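I opened the notebook to record what I looked up in this model. The entries run from the overall fold to single residues.

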Amino acid sequence: AFMAVHELGFQRVMDVTAGAFFAGSTWPERNWEAGRAFTQFLEQNPMIVHVGFVEAYAVGPGAVQRVEDSHTAFAMLLHEGYRYVAEEARPPRVVLEAIITTIFEIVYHQARGSGAPRLSGLLGHLIYLVLSPFLGSEEANAFIDQKAAPRR
């Protein structure tokens, strides 16, 4: 039963995140929209967060494998970043894994600490993790500052 609940939760998170990703016009925009959808969805669905990010490691190897598979699915959203980097400066593929693992660890830490993760305030930090290896620190920060600025 746990695996079915975990799978359903993963599918919902991926549907929301990927749907938002494909709504953006540029790769940084797509990541911003996906990140915003991801954080909002998780804040609104603390049970999915608990099952998918906290309980999965307590259940056993099958659940841990499912978490690792979900990392791979989310890493697919990062591949386009390689178009923004000269071939000789491209980060190795393990960087994609490190980005996703770090984001999942942040979600885990937030969920475990309070039961109701507060993630939307971390959106800029999460997007920086995604963009900076491809765009560089300054360009990533400039993009985030522009997106986070209050609209007039």
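**Fold.** I read the pattern along the sequence as α-α-α-α-α-α-α. The count is 7 helices and 0 strands in the protein. Helices (H or I, at least four residues) and strands (E, at least two) are DSSP runs, numbered from the N terminus.

**Basis.** I am working with a predicted model, in which local features need pLDDT of at least 70, side-chain atom pairs count only at pLDDT 80 or more, and totals for chains, interfaces and linings use all residues. Residues are numbered from 1 along each chain as its sequence is written, and side-chain values use heavy atoms, with hydrogens and water left out.

**Dimensions.** I checked the radius of gyration, taken over C-alpha atoms, against the globule rule of 2.2 Å times the number of residues to the power 0.38. For 152 residues the rule puts a compact globule near 15 Å, and the protein agrees because its own value is 15 Å. Along the principal axes, the C-alpha trace spans about 45 × 40 × 25 Å.

**Burial and surface.** I noted that 45% of the 152 residues count as buried. Buried means under 20% relative accessible area, exposed means over 50%, and partly exposed lies in between (1.4 Å probe, protein chains only). The accessible surface of the protein is about 8300 Å², and carbon and sulfur atoms hold 56% of that. These areas come from the Shrake-Rupley method with a 1.4 Å probe; for residues, only the protein chains shown count as cover.

**Contacts over the chain.** I took the contacts with a separation of 6 or more and found that 68% of them join residues 24 or more positions apart. Contact means heavy atoms within 4.5 Å.

**Charges.** I compared the mean positions of the 12 positive and 16 negative charges and found them 7 Å apart. Lys and Arg count as positive, Asp and Glu as negative, and His and the chain ends are not counted. Each charge is placed at NZ of Lys, CZ of Arg, CG of Asp or CD of Glu.

**Glu 43.** What does Glu 43 touch, not counting residues up to four places away in sequence? I found Pro 117, Arg 118, Leu 119 and Ser 120 on its contact list. Glu 43 sits in helix 2 (residues 27-44) and is buried because its relative accessible area is 17%. A polar atom of the Glu 43 side chain is 2.5 Å from the backbone nitrogen of Leu 119. A polar contact is a pair of N or O atoms within 3.5 Å; within protein, one must be able to donate a hydrogen and the other to accept it, and residues adjacent in sequence count only if both atoms are side-chain atoms.

**Glu 33.** I stayed in helix 2 for Glu 33, which is buried because its relative accessible area is 18%. Its side chain makes a polar contact of 2.4 Å with the side chain of Arg 36. Beyond four places in sequence, Glu 33 contacts Ala 20 and Lys 147.

**Phe 143.** I then went to helix 7 (residues 137-148), where Phe 143 lies. Phe 143 counts as buried because its relative accessibility is 13%. With residues up to four places away set aside, Phe 143 touches Pro 28, Glu 29, Trp 32, Ile 127 and Leu 131. Phe 143 and Glu 29 are 114 residues apart along the chain, yet their C-alpha atoms are separated by 8.8 Å.

**His 71.** Is His 71 buried or exposed? I have it as buried because its relative accessibility is 11%. His 71 is in helix 4 (residues 61-75) and, outside four places in sequence, contacts Ile 100, Thr 101 and Phe 104. From His 71 to Ser 114 I recorded 23 Å, C-alpha to C-alpha, at 43 residues apart in sequence.

**Helix 5.** Thr 102 lies in helix 5 (residues 94-114) and is partly exposed because its relative accessible area is 34%. Thr 102 and Glu 87 are 15 residues apart in sequence, with 25 Å between their C-alpha atoms. Val 94 also lies in helix 5 and counts as exposed because its relative accessibility is 52%. The C-alpha atoms of Val 94 and Val 54 are separated by 24 Å, at 40 residues apart along the chain.
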